[in-house]
Amino acid sequence: MSSSVVPPNLTPEDFEVEYSEEASLPPEDPSLSPSVWIQKNLFSSPSSAVLTVVFSVIAVLTIRGLLAFILGEERQWDAIATNSRLMAAQGYPLDQFVRIWVAFGSLIGLAGFSAAIFRASGTISLKRIAIWVMNIGVAAGVIGLLAPLSSSGRMGWIIAALVVFGVGAAIWFGFGEERRRSTFIPSIWVLSGFALIGVISLWVVPYGHYFLGEDGRATVEEGTVAFSTQMPWTVMWAILVVSHLVGLAVRDRLPAQASKGFLGLLWVIAPFVANWIILRDPDFDYDHVFSTDIPMALAFIVIGGAVLWAQSSSTIGETGRLLAIAILLAAVYTWVSRIEFLDFLPNWSMLQKARLSMLFLGLYGLAASNFSRDNATRRAYVAGWVIFMVIFHWLVTAVNSPSTLNIQSDTYLGGFTLTLFIAWLTLLVSFPIGVVMALGRTSNLPIFRLLSTGYIEIIRGVPLITILFFFANILLFFLPEGMEIAKVAAVVIGYGLFSAAYLAENVRGGLQSIRRGQFEAADALGLTTSQRTAFIVLPQALRVSIPPLVGQAIATFKETALVAIIGLNDFLRIANNTIPAQTDFVGAKREGLLIVSAIYFVVAFSMSKYSQRLEKRLGLGTR
Amino acid sequence: MTANMSASGMELGRADMIVSDGVDKWYGDFQALKGVTAQVAEREVVVVLGPSGSGKSTWIRCINRLEVHQGGTIAVDGVELTNDTRNIDKIRSDVGMVFQQFNLFPHLTVMDNITLAPRWVRKQPKAEAETKAMELLERVGIPEQAAKFPGQLSGGQQQRVAIARSLAMEPRIMLFDEPTSALDPEMISEVLEVMKDLARGGMTMMVVTHEMGFAREVADRIIFMESGEIVEVGTPEHFFTNPTEDRTKLFLSQIL
Amino acid sequence: MTMTEPSASRLEVSGKPPFYRDVTVVKWLVQLATLFTLIFITWFLAREAGDNLRAKGLTSGFEFLGQPAGFNVSEGIDTEPATGGRALWVGMVTTFRLAISGILAATILGILVGLARLSNNWIVNRVGSVFVETIRNIPLIVQIVLLFAVFGSLSRVELDSGPINGWLHVTNKGVSMPRVFIADGFYQWLVFMLIGLVVARFVRKNRIAAQEATGEPSYSGLATLGVLLLFAIVGWFIHPVFGFIGGPLQAISDGIANIPQVAVQVALTALAFFAAALWVKRFRDSRRTPAGMAALTDDDWFRQIFAFVGAAAAAAFLWLVWPGFSDWIVNSSSDLFRVLADKFGDNPEFLDADGVARDRDGAPFGWARPDIVQPGNFANYGDQGLTMSQGFAAVFFGIVFYTAAFIAEIVRGGILAVAKGQSEAAAALGLSRAQALRKVILPQAFRVALPPLGNQYLNLTKNTSLAVAVGLSEVVQIGQTVISQSGKSLSVFVIWMSFYLCCSLTISVIVNFFNVRMKIVER
């Protein structure tokens, strides 16, 4: 076939192939002995030799300096150990801490299961594992030799290094060249193996138990870490392994497309559910629920359902769409007018519910004509509305009920948990907006194009911090009377709007890679513009945009650290402001900041490595 | 245009399916179509020939409004092509189109490619659309490829899927825009066979092509275009054996 | 397949469809409806904001720019700004300093690291990779805060603090080193150099022509450099001859000051409409065909109307929104020329702070080195040397390292993007390695790398705003202080937006200029 005809032939299979980095590498040149290698790579010419010496000195001095800092006598690493809970979740009530573990465990279980279903785990050859283990040994040896240690400490490091290196060498020599090159182990098992070593060490190694004592002073107990640390992490490890095993067991019995779609949905709602588990325990006022909330929900379910049933009839024609627009306009009117024709409603939260439900009804009704095929389709369409209304009304009622948990997200939730929440929610907020903006910018409707382009370029011309300031401090003024918004929510909205502009540019790249012929073929088949966008254009564009979108996600995660500046207690702020202010750890700033850097590095680095692998797998990296 | 050129289907005793009357089209200051006037009768197969850049593709792309003509009128099956959404929808569902580059949707299986429009434009139930799609795939000779993706098919197979995709909308007219130009030589015949089969079945067809054998064998009439104008219209015998215009003779001498 | 019979009821071949089915009409209706909805929402929000601000006793507006600032700035060109506007300007200058010095340093470091990552030498390559990967994967804000903490932990400023006393001091108050500064005679000397440039250009052309004529190497680069050097040296001694330029500049300044506001308004309005009309004329010309005017589509009409809407908006801005704008233009251009006249200093009206007539006959440049007179602190921006405060150093090194890591990847990518075949072809033609690099590979690599490089410069400029985390008084930090003093959050936000948009626009224009130039050179 002529390969130039169809653009990158991506099929769902491309995403499922178990990927291995080494499978296609040519055999190594065995003749390269160490001395030749050194000659070739370090001393190929006089200038190269000079560079080698200079850079070796730089490298040795840097490593030595860093080690001297880390292992220095005056370092207060116990500041971090004592405050680890603070950095993870700030001042979350201790007796409710199990909620965080439940949320975290659900996410880990979901991750392990999804990794199996999506076949996301790569494989690593035995050879590579051996090299890794030996490298760790070498690194430990380098530390042992360069670090300013006591002679017994140095001996300990070197012995440990030799042991680890020996394990690697054993793997290397225990198998023949053929076997170590061709035996592949799923990387998730290798990872859980390393994690298991860590978990076991929690139970056996006497790290010491650091905590703030009753008098508020830092206290240390000899022995292993606290049970409240050992147990949850062990359970987390077990959840990961079990969920992955379950996923492996059932993945061939489940319908692939449907289960992937369902898992995708779970991932979208996961942050909200996790947020919910951690922050709320609604205390429903059942009198109110039965007297107003449920009747109202029923009214919208019944009347809305009837309207939608009518709108999806195949004979209604343009009237159906006009009806939807009329409902939309009415909903908008209730927002902007100060004369409330919904004044009979008992309180403000009911008013919000009515307004939002009307808005959703209008929007949902706009799609009605796509479901007029037969009565089964119409029933499914209306059922969708009913389910949505039930969830929506439950959610709003729950949000407006007082919580038995006295936790306000602004003051009590913080640390790394907050960072993760903000990053995740921001991605969810920015995705739809970004896609719409990208579509607008590539649209052939001039006003839409102008508006989207203006939005994208203005947002991209301004630093994030000013946007965050705006939303944290100024947004409040723009809200109608009686409406309030938590600082975290305001920040998520602002950050979402900001990263939507960048996301739009990534999606635009994908949109522009779609050939004109695709549009023409869709037009020639008589698809409407929205059908063309939903079925033909977006699926292809988003697939092409996956690597830049992952890059964007990493950047979003990294820049979440900016919320520290506007006074949210993420873990950067705790390391930079809170810990150094404690009486026991005055000025212990660099330790915490180094830990924060390390955590950011590990997460961002592994994400970017994964994205590079994804890019290779999609064959998109090369142009 | 002189009257004798705009030979009409009325002479064959059939209704005109496509009427193109003085169609003009500019790209910037380049005029791609200069008052193109012609008719295509029901069940007629018209082949449009001409050197590249002569406006033949532009013309047939105007007929289902992939390009918007700026002067003159186009009517398909008595419906004039204007800004009216209802007319555009009607014409697009009546007119199938096959492209030079196939333009299959690479992210959908062959089956989904074919059933997409029937299900979402014609609102057919899924099962019905799939039965129909399998019939069509059998007709173009590749029922076994239904579950594959376009990227896994050869060019000839892709083009046959594209034809099946158009037929699934049950069009009354088929437009072919150089359907074999992007194919390797050994695959051209399989596509031409499907097209001949369609012509024998009585489909109204307009074909832009460089396949002279196909034109000679299947065409009822041949329209020769150059520089955005119709130069000559006639039966294949007339066109290939006894052309009247000098430009036609020059073209034929270069190509045959 | 079954052929359906032609439907009995054929639609009439008709002219105009009803408006609600007309593609063009529907298209515009939808767009206008969206536009008006947006305008309406904006208006609604603005109304709410106005009410809420009034209820809290806050007002928006820009009067604070001219009112006393009421606070001091910790570092910058003016630590005791008289007005709010002046305070913001001090912050903007600090931002400029950071951005410009940062761009220069990050480019140099980035290119070096990028080349290191391409090196065949294993350890050079590794050091480059570790640098890039580490820096790129840690948030910039964390790096800046960490650097700030590290600088803070350095030793105190002492009379003999090092590493090289009197030349380089690295202390907990920042870094101090020798500096070169522009001195009295600089502007006269600059005029001299401009003339030198013209001459050098002429010489260079001449030499290149000679080389092309004879084929002999003519050392055009050397000759050009020589001419420039000659002018620089001669100019150093005889530059006061240009002092007379001050007079004419002062005259120009006075002339501009006398232009009435209305004249500027009228001229600018006319210019806007003239530009719109010119654009429309050129647009219509492009649609003209040998066979007459091509039919204009609705998009074409929209563009033409939009051109005039733009002009009308400009006019509305000039006459209604900010009538003082024209005055501001007159005053500031007059001021600009007055300041320039002052720099040439032949005008005896201008006196120093001490009441002495300015002497502009001195050397064009001066230099100074750090000189610690008292332990504990550096003096800010004195004649003592180039001093970066702790905060400035943290932000500077932070953005430089961070941007350099990205630039390194761009440089590396650009060079790798030049196909291997290109260097092979160059070698096959007999070009030396250096010639191939200079004439074949680098021009192409630069072309690939320039757009993303411009993007990094934009990012760097925006990232200077992170200085707020370490309390360095650049524009965002000072804006925050203004907000807490006067409560004008909305106004300050507008100023931030406009400032950064202007910076972004300037960088885009510069990068685009080079981009376009290189494309032309290529073809």
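**Sheets and an interface**

Author: Let's start with a strand pair: B:Gly96 stands opposite B:Met174, which sits in strand 7 of chain B. Bear in mind that this is a predicted model, where local features need pLDDT of at least 70, side-chain atom pairs count only at pLDDT 80 or more, and totals for chains, interfaces and linings use all residues. Residues are numbered from 1 along each chain as its sequence is written, chains are lettered from A in the order in which they are written, and side-chain values use heavy atoms, with hydrogens and water left out.

Reader: How many bridges join strand 6 to strand 7 in chain B?

Author: Four, and the two strands run parallel. Strands here are DSSP runs of E with at least two residues, helices are runs of H or I with at least four, and both are numbered from the N terminus. Two strands pair if DSSP finds at least two bridges between them.

Reader: And in what order do the six strands of that open sheet come?

Author: The order is 6-7-8-3-9-10, with mixed pairing. Strand 6 (95–98) and strand 10 (229–234) of chain B each have a single partner strand, so one side of each is left without a neighbour in the sheet.

Reader: What lies across strand 6 and strand 7 of chain B?

Author: Helix 2 (residues 85–94) of chain B, running at about 60° to strand 6 of chain B. Axes are lines fitted to C-alpha atoms, for helices over the stretch in contact (heavy atoms within 4.5 Å), and angles run from 0 to 180 degrees between N-to-C directions.

Reader: Switching to the four-strand sheet of chain B, is the pairing parallel or antiparallel?

Author: Antiparallel, in the order 2-1-4-5. Strand 4 (residues 71–76) and strand 5 of chain B pair over two bridges, and B:Ala75 has B:Glu80 as its bridge partner.

Reader: OK, interface time. How many residues of chain C are in contact with chain A?

Author: 60 residues of chain C, against 57 residues of chain A. The two chains bury about 5,200 Å² between them, 73% of it on carbon and sulfur atoms; that is accessible area (1.4 Å probe) lost on being put together, summed over both.

Reader: Which residues of chain C lose the most area to chain A?

Author: C:Gln31, C:Asn137 and C:Lys462, together 11% of what that side buries.

Reader: How many salt bridges across it?

Author: Zero between chain C and chain A, counting a side-chain nitrogen of Lys or Arg within 4 Å of a carboxyl oxygen of Asp or Glu.
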